[in-house]
Amino acid sequence: MTPAPRARLAPEELRSHQWYGTEGRLRTWSHNARMRQLGHSDEEYRGRPFVAVLNTWSDINPCHVHLRERAEAVKRGVWQAGGFPLEFPVATLSETYQKPTPMLYRNLLAMETEELLRSYPVDAAVLLGGCDKSTPALLMGATSADVPALFVPAGPMLPGHWRGETLGSGTDMWKYWDEHRAGRLTDCELRDLQGGLARSPGHCMTMGTASTMTAAAEALGMTLPGASSIPAVDSAHERMAAASGRRAVDLAWTALRPSEILTRDAFEDAVTTVLGLGGSTNAVIHLIAMAGRAGVPLTLDDFDRIARTVPVLANVRPGGRTYLMEDFHFAGGLPGFLSRVTDLLHLERPTVNGTLGGQLAGAVVHDDDVIRTRRNPVAEEGGVAVLRGNLCPDGAVVKHIAADPRLLKHTGPAVVFDDYRQMQRDIDDPERGITADSVLVLRNAGPKGGPGMPEYGMLPIPAHLLEQGVRDMVRISDARMSGTSYGTCVLHVAPESYVGGPLALVREGDTVTLDVAARSLHLHVDDAELERRRAAWSPPPERHTRGYGALYDEQITQADTGCDFAFLARPGETADPYAG
């Protein structure tokens, strides 16, 4: 499984040579003069690969607050390998603070990444990210630019602790907020909990969207082996960052591009990984968008097909019931996990560090309860199911391993909320007559309606039901939900209600059936009545009239096709920006 050695470029074949190495031209002379202005002499950069370090560090992003130091480690590695590092600050997508949702800006970071890599003298790139949307955004942009690149995951934060209990962010945030709403947790106790929930830099240490997507990046072959689960504050994380810098120089010399790594086989392996980890439903949207940038057709049907072949082996919350990412890392991390599903993978395909099979050589699992064996899985099938039916003709998803089993086949009357504000205002209103058998429906929360498809899909349980001990209900929306969430939440209903999808036609009291085993979501209203309702429906006004929002409204695609911008997702060549 050792790949054939690749030819090494001559210094004059480096892309950056166009900027600095061609003597006798005014533009080259000017570029070198400006390098002296920056304090660099010829011997520092002439004949060396230029490595861009794209850093999503920000004071407002707790998941990435340590990436300023990690960028220095990457640059140290680049210098050690004989390269020339250049750090670029790029947009930070803070899941905690950016409203209405950082998903609105995933494509903006992808655009920024693509254009920076294309327009500057870059021979290779190291991408620093990890908080939910930053991973797909950076990889989408690098894929479209097709400059040699690898990804440095931010790493999970330390486990939370409170009153003798180990906490997972934000799974236990949702859990204890419900306990507070049910009157079982005081304001003082809730405030005390704040100090124990998130104890260090790094992204959520559950198998939420961040851990899922960084694992997907590793499975795709875009990180060093084992990189995705190293805790953010572990010294191994800094060593990995420096090693990534060294590896980026090798990628520059050999011109190994994302287009050679991100193949159909790679994306199938990433889907297998996400489903076997019991990962976030958000990965469905992101991987479809990422595959589109690589020219790989990936659909919801691929997810459902693969889900039927791979068991869930990661006993990590919220899909698992016990452990967190630090446990997963020391149990063997992703290499250990993948070593248990090698028959489902494409081992000969290339990665940034050899072949996938080569990366897994010697991988072992140290704790069979954290990373289960095939004989003792967390679940027999992958953790996400794709639904079809007259309520979701283009598909919907449900993370059934994080749902109450009794609700996986359920019929009940719809309680409809036209938007998130109405839901917040009315969810606890006893006049709505909501019971444990009701099906909560939220619309106008999709890609255009949200706007940005916010994580509204885990609709809260009404307070009076929480007080009765109810902790799960069937909930349906065209929104997403946090990967750290749980419950019987049907998400990503496509097409969304805001553009006239069937969810827009549901009325209070309509009967809805969810049948996960049959992969079905059905509205019990006959076709003739639905057509009458459709004829009476009128589209809402556009969300944005100018700026980035207007571009978003014009170009955003639906959830089943990845929520990319149509003009970025389509195939086509882009001219070399350095002309002459």
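**Notes on the predicted model**

1. The largest nonpolar core has 82 residues, and those that touch the most other members are Leu117, Leu127, Leu220, Phe267 and Leu287. Helix 10 is the biggest contributor to this core, giving eight residues. A separate, second core holds 25 residues, among them Leu387, Val441, Leu505 and Leu523. This is a predicted model, and what follows should be read as such. As a general point, nonpolar side chains in soluble globular proteins tend to be buried together.

2. Apart from neighbours within four places in sequence, Leu220 is in contact with Ile261, Leu262, Ala266, Phe267, Ala270, Leu287, Met290 and Arg349.

3. Val271 is placed in helix 12, which covers residues 264–276. Is Val271 buried or exposed? Its relative accessibility is 0%, so Val271 counts as buried, the cut-off being under 20%. Leaving out residues up to four places away in sequence, Val271 touches Leu287, Leu298, Phe303 and Ile306. Val271 and Ala307 are 36 residues apart along the chain, and their C-alpha atoms are separated by 8.4 Å.

4. Helix 4 runs over residues 67–80, which makes 14 residues. At 1.5 Å a residue the helix should span 20 Å, and its end C-alpha atoms are 19 Å apart, so the two values agree. Gly82 follows helix 4 and has a positive phi, near 90°.

5. Which residues of helix 4 are buried? They are Leu67, Arg70, Ala71, Ala73, Val74, Lys75, Gly77 and Val78. The list includes the charged residues Arg70 and Lys75. An α-helix has 3.6 residues a turn, so residues three or four places apart point the same way. Against what do the buried residues of helix 4 pack? Their partners are strand 1 (50–55), strand 2 (84–89), strand 3 (124–129), strand 4 (149–153) and helix 10 (235–254).

6. The second largest pocket contains about 880 Å³ of space. It is lined by 34 residues, and the closest to its centre are Arg118, Ser144, Ala145, Asp146 and Thr574. Helix 5 (106–119), helix 6 (134–145), helix 13 (282–293) and helix 22 (566–569) are the elements that give two or more residues to this lining. Sorted by class, the lining has 15 nonpolar, 12 charged and seven polar residues.

7. His286 is in helix 13, one of the elements that give two or more residues to the lining of the second largest pocket. With a relative accessibility of 1%, His286 counts as buried. Not counting residues up to four places away in sequence, His286 touches Met103, Arg106, Lys133, Pro136, Thr209 and Met213.

8. Gln555 is found in helix 21, residues 547–555. The relative accessible area of Gln555 is 14%, so this residue is buried, given a cut-off of under 20%. Beyond its neighbours within four places in sequence, Gln555 is in contact with Asp564, Phe565, Ala566 and Phe567.

9. The bond from Arg317 to Pro318 is cis, with omega near 5°, and Pro318 lies in the loop between helix 14 (300–307) and helix 15 (325–330). Ala494 and Pro495 are also joined by a cis peptide bond, with omega about -5°. Pro495 sits in the loop between strand 14 (489–491) and strand 15 (511–515).

10. The loop between strand 12 (439–442) and helix 19 (463–467) holds Asn444, and Met453 is placed in the loop between strand 12 and helix 19 too. Met453, another residue other than glycine, has a positive phi near 55°. Met453 is buried, with a relative accessible area of 0%.

Methods: Residues are numbered from 1 along each chain as its sequence is written. This is a predicted model: local features need pLDDT of at least 70, side-chain atom pairs count only at pLDDT 80 or more; totals for chains, interfaces and linings use all residues. Side-chain values use heavy atoms; hydrogens and water are left out. Helices (H or I, at least four residues) and strands (E, at least two) are DSSP runs, numbered from the N terminus. The expected span of a helix is 1.5 Å times one less than its number of residues. Buried means under 20% relative accessible area, exposed over 50%, partly exposed in between (1.4 Å probe, protein chains only). Contact means heavy atoms within 4.5 Å. A nonpolar core is a set of buried Ala, Val, Leu, Ile, Met, Phe, Trp, Tyr and Cys residues joined through side-chain atoms within 4.5 Å. On a 1 Å grid over the protein atoms alone, a cavity is a set of points where a 1.4 Å probe fits but cannot get out, and a pocket is an open set with protein on both sides within 12 Å along at least five of seven lines; lining residues have an atom within 4 Å of a point. Grid points are joined across faces, edges and corners, and a volume is the space filled by probe spheres set on the points.
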